[in-house]
Amino acid sequence: IRWERSPKPIISSDLAFGERGFRSPRVLEKDGLYYLFYNAKKDGAYKQSAAVSGSPSGPFRNDGKPLVMSKDDDQAVRIGARPVVDPATEKTYLVVTRCRKGNHIVLYECTIGDGRVEVDVDSERTLLSPEADWERNVGRVVEGGDIFFHNGYYYLIYSGGNYNTAYGEGYAVSRDIKGPYERAKTNPVLFSTRSAWGNGDASIVWSEGGSEGVIVYFRHTSRQSVRPLNVCVDRCKFVPDPAGGADRLEISGPTVTPQPCFASALQSETKRHDR
(Lines give C-alpha, C1' and ligand atoms only; values in the text may rest on other atoms or scores of the structure.)
Protein backbone atom coordinates (compact mmCIF):
# COMPACT_ATOMS: atom_id res chain seq x y z
CA ILE A 1 0.00 0.00 0.00
CA ARG A 2 1.41 3.38 -0.95
CA TRP A 3 0.11 6.43 0.90
CA GLU A 4 0.47 9.89 -0.56
CA ARG A 5 -0.26 13.20 1.12
CA SER A 6 -3.19 15.05 -0.41
CA PRO A 7 -2.15 18.34 -2.03
CA LYS A 8 -4.95 20.20 -0.25
CA PRO A 9 -7.23 19.69 2.78
CA ILE A 10 -10.57 18.00 2.19
CA ILE A 11 -12.32 20.49 4.47
CA SER A 12 -11.56 24.04 5.62
CA SER A 13 -13.09 26.68 7.86
CA ASP A 14 -14.26 28.83 4.95
CA LEU A 15 -16.50 26.05 3.61
CA ALA A 16 -17.86 24.40 6.75
CA PHE A 17 -18.49 24.62 10.48
CA GLY A 18 -15.45 25.21 12.68
CA GLU A 19 -12.59 27.64 13.15
CA ARG A 20 -9.80 25.25 14.12
CA GLY A 21 -9.05 21.89 15.71
CA PHE A 22 -10.57 19.77 12.94
CA ARG A 23 -10.32 16.15 14.06
CA SER A 24 -11.94 12.68 14.32
CA PRO A 25 -12.92 12.45 10.61
CA ARG A 26 -15.08 9.60 9.32
CA VAL A 27 -16.55 9.29 5.82
CA LEU A 28 -19.68 7.41 4.78
CA GLU A 29 -20.84 7.03 1.17
CA LYS A 30 -24.54 6.97 0.41
CA ASP A 31 -26.34 7.32 -2.93
CA GLY A 32 -23.27 8.73 -4.66
CA LEU A 33 -22.51 11.39 -2.03
CA TYR A 34 -19.80 11.30 0.62
CA TYR A 35 -20.61 12.46 4.15
CA LEU A 36 -17.75 13.57 6.38
CA PHE A 37 -18.37 13.48 10.14
CA TYR A 38 -15.87 15.43 12.19
CA ASN A 39 -15.23 17.55 15.29
CA ALA A 40 -14.15 21.17 15.16
CA LYS A 41 -13.82 24.03 17.60
CA LYS A 42 -15.79 27.26 17.31
CA ASP A 43 -16.36 29.92 19.95
CA GLY A 44 -14.14 27.94 22.32
CA ALA A 45 -16.08 24.67 22.22
CA TYR A 46 -15.79 21.45 20.22
CA LYS A 47 -18.89 20.35 18.32
CA GLN A 48 -19.78 17.48 15.98
CA SER A 49 -20.64 18.37 12.43
CA ALA A 50 -21.24 16.75 9.05
CA ALA A 51 -20.25 17.98 5.60
CA VAL A 52 -20.92 16.58 2.14
CA SER A 53 -19.03 16.20 -1.14
CA GLY A 54 -19.38 14.43 -4.46
CA SER A 55 -15.85 13.04 -4.05
CA PRO A 56 -14.09 11.31 -1.13
CA SER A 57 -11.21 13.75 -1.61
CA GLY A 58 -13.50 16.76 -1.15
CA PRO A 59 -13.84 19.59 -0.83
CA PHE A 60 -16.53 18.97 1.80
CA ARG A 61 -19.06 21.69 2.60
CA ASN A 62 -21.90 22.31 5.00
CA ASP A 63 -24.08 25.21 6.08
CA GLY A 64 -21.71 26.29 8.86
CA LYS A 65 -23.76 24.67 11.61
CA PRO A 66 -22.94 21.76 13.94
CA LEU A 67 -25.09 18.67 14.34
CA VAL A 68 -27.87 18.98 16.88
CA MET A 69 -27.22 16.26 19.48
CA SER A 70 -29.73 17.25 22.19
CA LYS A 71 -32.94 19.23 22.62
CA ASP A 72 -31.26 21.62 25.01
CA ASP A 73 -27.75 22.55 26.08
CA ASP A 74 -27.10 19.81 28.63
CA GLN A 75 -23.44 20.87 29.08
CA ALA A 76 -22.19 17.39 28.19
CA VAL A 77 -19.19 17.40 25.86
CA ARG A 78 -19.50 15.02 22.91
CA ILE A 79 -16.60 13.84 20.80
CA GLY A 80 -16.48 11.74 17.68
CA ALA A 81 -19.40 10.84 15.44
CA ARG A 82 -18.70 7.51 13.81
CA PRO A 83 -21.33 6.40 11.27
CA VAL A 84 -22.40 2.78 11.04
CA VAL A 85 -25.06 1.13 8.86
CA ASP A 86 -26.93 -1.75 10.48
CA PRO A 87 -26.88 -4.59 7.91
CA ALA A 88 -30.09 -6.02 9.38
CA THR A 89 -32.24 -2.89 8.99
CA GLU A 90 -30.09 -0.60 6.77
CA LYS A 91 -30.65 2.17 9.32
CA THR A 92 -27.76 4.57 9.94
CA TYR A 93 -26.44 5.31 13.42
CA LEU A 94 -23.77 7.51 14.95
CA VAL A 95 -21.49 6.22 17.69
CA VAL A 96 -20.55 9.14 19.94
CA THR A 97 -18.53 9.60 23.14
CA ARG A 98 -20.52 11.51 25.76
CA CYS A 99 -18.37 13.13 28.43
CA ARG A 100 -20.12 13.78 31.71
CA LYS A 101 -19.06 12.17 34.99
CA GLY A 102 -16.73 10.05 32.91
CA ASN A 103 -16.71 9.14 29.23
CA HIS A 104 -19.51 6.93 27.93
CA ILE A 105 -20.24 5.48 24.48
CA VAL A 106 -23.71 6.32 23.19
CA LEU A 107 -25.65 5.59 20.01
CA TYR A 108 -27.91 7.87 17.98
CA GLU A 109 -30.14 7.00 15.06
CA CYS A 110 -29.79 9.44 12.18
CA THR A 111 -31.23 10.11 8.75
CA ILE A 112 -28.86 10.75 5.84
CA GLY A 113 -29.86 11.80 2.34
CA ASP A 114 -29.85 14.57 -0.25
CA GLY A 115 -26.77 16.09 1.34
CA ARG A 116 -28.30 16.44 4.80
CA VAL A 117 -27.82 14.68 8.14
CA GLU A 118 -30.43 14.80 10.91
CA VAL A 119 -29.88 13.21 14.31
CA ASP A 120 -32.79 11.77 16.30
CA VAL A 121 -31.91 13.30 19.67
CA ASP A 122 -34.56 11.20 21.43
CA SER A 123 -32.86 7.98 20.31
CA GLU A 124 -29.73 8.41 22.48
CA ARG A 125 -28.83 5.07 24.02
CA THR A 126 -25.85 4.32 26.25
CA LEU A 127 -23.94 1.31 24.94
CA LEU A 128 -21.03 1.21 27.37
CA SER A 129 -19.89 2.98 30.54
CA PRO A 130 -16.52 2.61 32.32
CA GLU A 131 -16.70 -0.37 34.68
CA ALA A 132 -13.61 -2.57 34.30
CA ASP A 133 -10.46 -1.74 36.27
CA TRP A 134 -8.38 -0.99 33.15
CA GLU A 135 -11.07 1.45 31.99
CA ARG A 136 -10.82 3.34 35.29
CA ASN A 137 -7.06 3.40 35.90
CA VAL A 138 -6.97 7.21 35.61
CA GLY A 139 -10.44 8.70 35.47
CA ARG A 140 -13.45 6.83 34.10
CA VAL A 141 -13.08 6.39 30.35
CA VAL A 142 -14.56 4.34 27.53
CA GLU A 143 -14.51 6.17 24.20
CA GLY A 144 -13.97 6.06 20.45
CA GLY A 145 -16.39 3.20 19.87
CA ASP A 146 -16.56 1.59 16.45
CA ILE A 147 -19.19 -1.02 15.50
CA PHE A 148 -18.80 -3.74 12.89
CA PHE A 149 -20.76 -6.89 12.11
CA HIS A 150 -19.41 -10.45 12.03
CA ASN A 151 -21.11 -13.84 11.94
CA GLY A 152 -24.39 -12.75 13.51
CA TYR A 153 -22.90 -10.44 16.17
CA TYR A 154 -22.23 -6.73 16.50
CA TYR A 155 -18.73 -5.99 17.75
CA LEU A 156 -18.08 -2.71 19.55
CA ILE A 157 -14.34 -2.02 19.71
CA TYR A 158 -13.45 0.83 22.04
CA SER A 159 -10.68 2.61 23.91
CA GLY A 160 -10.36 2.52 27.68
CA GLY A 161 -8.18 4.07 30.34
CA ASN A 162 -6.74 7.54 30.03
CA TYR A 163 -5.54 8.98 26.72
CA ASN A 164 -2.46 10.50 28.39
CA THR A 165 -1.38 7.31 30.15
CA ALA A 166 -1.46 3.59 29.38
CA TYR A 167 -4.62 3.47 27.23
CA GLY A 168 -5.81 0.37 25.45
CA GLU A 169 -8.49 -1.34 23.37
CA GLY A 170 -11.24 -3.72 24.31
CA TYR A 171 -14.36 -4.99 22.63
CA ALA A 172 -17.88 -6.05 23.50
CA VAL A 173 -20.49 -8.02 21.55
CA SER A 174 -24.24 -7.99 21.14
CA ARG A 175 -26.95 -9.59 19.01
CA ASP A 176 -28.54 -6.15 18.53
CA ILE A 177 -26.79 -2.96 17.42
CA LYS A 178 -28.50 -1.15 20.31
CA GLY A 179 -27.19 -3.63 22.86
CA PRO A 180 -26.87 -4.74 25.53
CA TYR A 181 -23.16 -5.36 24.89
CA GLU A 182 -21.13 -7.94 26.80
CA ARG A 183 -17.43 -7.28 27.31
CA ALA A 184 -14.94 -9.85 26.08
CA LYS A 185 -13.30 -11.83 28.84
CA THR A 186 -9.94 -11.32 27.08
CA ASN A 187 -10.04 -7.50 27.43
CA PRO A 188 -7.97 -5.47 26.95
CA VAL A 189 -7.01 -7.00 23.62
CA LEU A 190 -4.51 -4.25 22.79
CA PHE A 191 -2.67 -2.54 25.63
CA SER A 192 0.49 -0.63 26.43
CA THR A 193 3.83 -2.39 26.75
CA ARG A 194 7.25 -1.07 27.74
CA SER A 195 8.12 -0.49 24.08
CA ALA A 196 4.66 0.51 22.76
CA TRP A 197 2.84 3.01 24.93
CA GLY A 198 -0.61 4.58 24.63
CA ASN A 199 -2.26 2.36 22.00
CA GLY A 200 -5.86 3.34 21.24
CA ASP A 201 -8.62 4.87 19.12
CA ALA A 202 -8.72 1.89 16.78
CA SER A 203 -10.65 0.92 13.67
CA ILE A 204 -10.68 -2.40 11.82
CA VAL A 205 -10.63 -2.96 8.07
CA TRP A 206 -10.38 -6.10 5.97
CA SER A 207 -8.24 -7.15 3.04
CA GLU A 208 -9.80 -7.69 -0.36
CA GLY A 209 -11.73 -10.91 -0.02
CA GLY A 210 -11.69 -10.76 3.77
CA SER A 211 -8.68 -13.03 4.23
CA GLU A 212 -6.82 -10.64 6.55
CA GLY A 213 -7.99 -8.30 9.24
CA VAL A 214 -6.11 -5.09 10.02
CA ILE A 215 -6.41 -2.89 13.05
CA VAL A 216 -5.33 0.75 12.66
CA TYR A 217 -4.66 2.77 15.82
CA PHE A 218 -2.50 5.51 17.27
CA ARG A 219 0.43 5.23 19.66
CA HIS A 220 2.32 7.73 21.79
CA THR A 221 5.83 8.71 20.75
CA SER A 222 7.16 7.32 24.02
CA ARG A 223 6.16 6.68 27.59
CA GLN A 224 7.27 10.21 28.42
CA SER A 225 5.75 12.01 25.41
CA VAL A 226 2.26 11.68 23.91
CA ARG A 227 2.90 13.68 20.75
CA PRO A 228 3.51 13.49 17.91
CA LEU A 229 1.06 10.61 17.66
CA ASN A 230 2.04 7.66 15.48
CA VAL A 231 -0.38 5.75 13.23
CA CYS A 232 0.12 2.01 13.63
CA VAL A 233 -1.14 -1.07 11.81
CA ASP A 234 -1.26 -4.66 13.07
CA ARG A 235 -3.00 -7.85 12.06
CA CYS A 236 -6.14 -9.15 13.73
CA LYS A 237 -8.40 -12.14 13.23
CA PHE A 238 -11.45 -13.96 14.51
CA VAL A 239 -11.09 -17.35 16.16
CA PRO A 240 -13.85 -19.65 17.39
CA ASP A 241 -14.53 -19.49 21.11
CA PRO A 242 -14.24 -22.98 22.64
CA ALA A 243 -17.12 -22.07 24.95
CA GLY A 244 -19.34 -21.26 21.97
CA GLY A 245 -21.09 -18.03 21.08
CA ALA A 246 -19.39 -15.08 19.38
CA ASP A 247 -15.99 -15.59 17.78
CA ARG A 248 -13.11 -14.05 19.69
CA LEU A 249 -11.21 -11.10 18.25
CA GLU A 250 -7.44 -11.58 18.55
CA ILE A 251 -4.89 -8.85 17.80
CA SER A 252 -1.27 -9.56 16.92
CA GLY A 253 0.20 -6.52 18.59
CA PRO A 254 1.26 -4.03 19.50
CA THR A 255 4.32 -4.71 17.36
CA VAL A 256 7.40 -2.49 17.14
CA THR A 257 9.36 -4.36 14.45
CA PRO A 258 8.80 -4.63 10.67
CA GLN A 259 6.01 -7.06 9.78
CA PRO A 260 5.38 -9.10 6.59
CA CYS A 261 3.43 -7.27 3.91
CA PHE A 262 -0.30 -7.83 3.73
CA ALA A 263 -1.50 -10.20 1.05
CA SER A 264 -3.74 -7.72 -0.75
CA ALA A 265 -4.85 -4.12 -0.77
CA LEU A 266 -7.27 -3.01 1.91
CA GLN A 267 -10.79 -2.22 0.89
CA SER A 268 -12.68 0.92 1.86
CA GLU A 269 -13.45 1.25 5.54
CA THR A 270 -17.02 2.12 4.64
CA LYS A 271 -17.48 -1.49 3.48
CA ARG A 272 -16.06 -3.19 6.55
CA HIS A 273 -19.51 -3.89 8.01
CA ASP A 274 -20.12 -6.59 5.39
CA ARG A 275 -17.66 -8.94 7.05
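**Figure 1. Salt bridges across the predicted model.** Eleven salt bridges are found in this structure, which is a predicted model. The views that follow zoom in on a few of them and then turn to some strand pairing.

**Figure 2. E124 and R78 joined by their side chains.** Here the side chains of E124 and R78 come together in a salt bridge, with an N to O distance of 3.6 Å. E124 sits in the loop between β7 (116-119) and β8 (125-128), while R78 belongs to strand β4 (residues 77-85), so this contact ties together parts that are 46 residues apart in sequence.

**Figure 3. R98 and E124 as a salt-bridge pair.** Staying with E124, we now bring in R98, which forms a salt bridge with E124; their closest N and O atoms are 3.5 Å apart. R98 is part of strand β5 (residues 92-99) and E124 is in the loop between β7 and β8, so the pair connects parts that are 26 residues apart in sequence. With a relative accessible area of 19%, R98 is buried, because the cut-off for that class is under 20%.

**Figure 4. E182 with K185.** This close-up moves to another pair, in which E182 and K185 form a salt bridge. Their closest N and O atoms lie 4.0 Å apart. K185 counts as exposed, with a relative accessibility of 78%.

**Figure 5. Strands β15 and β16 side by side.** Strand β15 (residues 213-219) pairs with strand β16 (residues 230-239) in the antiparallel sense, over seven bridges. To find your way along this pairing, look for V214, whose bridge partner in β16 is R235.

**Figure 6. Strands β16 and β17 side by side.** Strand β16 is also joined to strand β17 (residues 248-252), by five bridges, and the two run antiparallel. A handy landmark here is K237, which has E250 as its bridge partner in β17. Taken with the previous view, β16 pairs with β15 and is joined to β17 as well.

Technical notes. Residues are numbered from 1 along each chain as its sequence is written. This is a predicted model: local features need pLDDT of at least 70, side-chain atom pairs count only at pLDDT 80 or more; totals for chains, interfaces and linings use all residues. Side-chain values use heavy atoms; hydrogens and water are left out. Helices (H or I, at least four residues) and strands (E, at least two) are DSSP runs, numbered from the N terminus. Buried means under 20% relative accessible area, exposed over 50%, partly exposed in between (1.4 Å probe, protein chains only). Two strands pair if DSSP finds at least two bridges between them.
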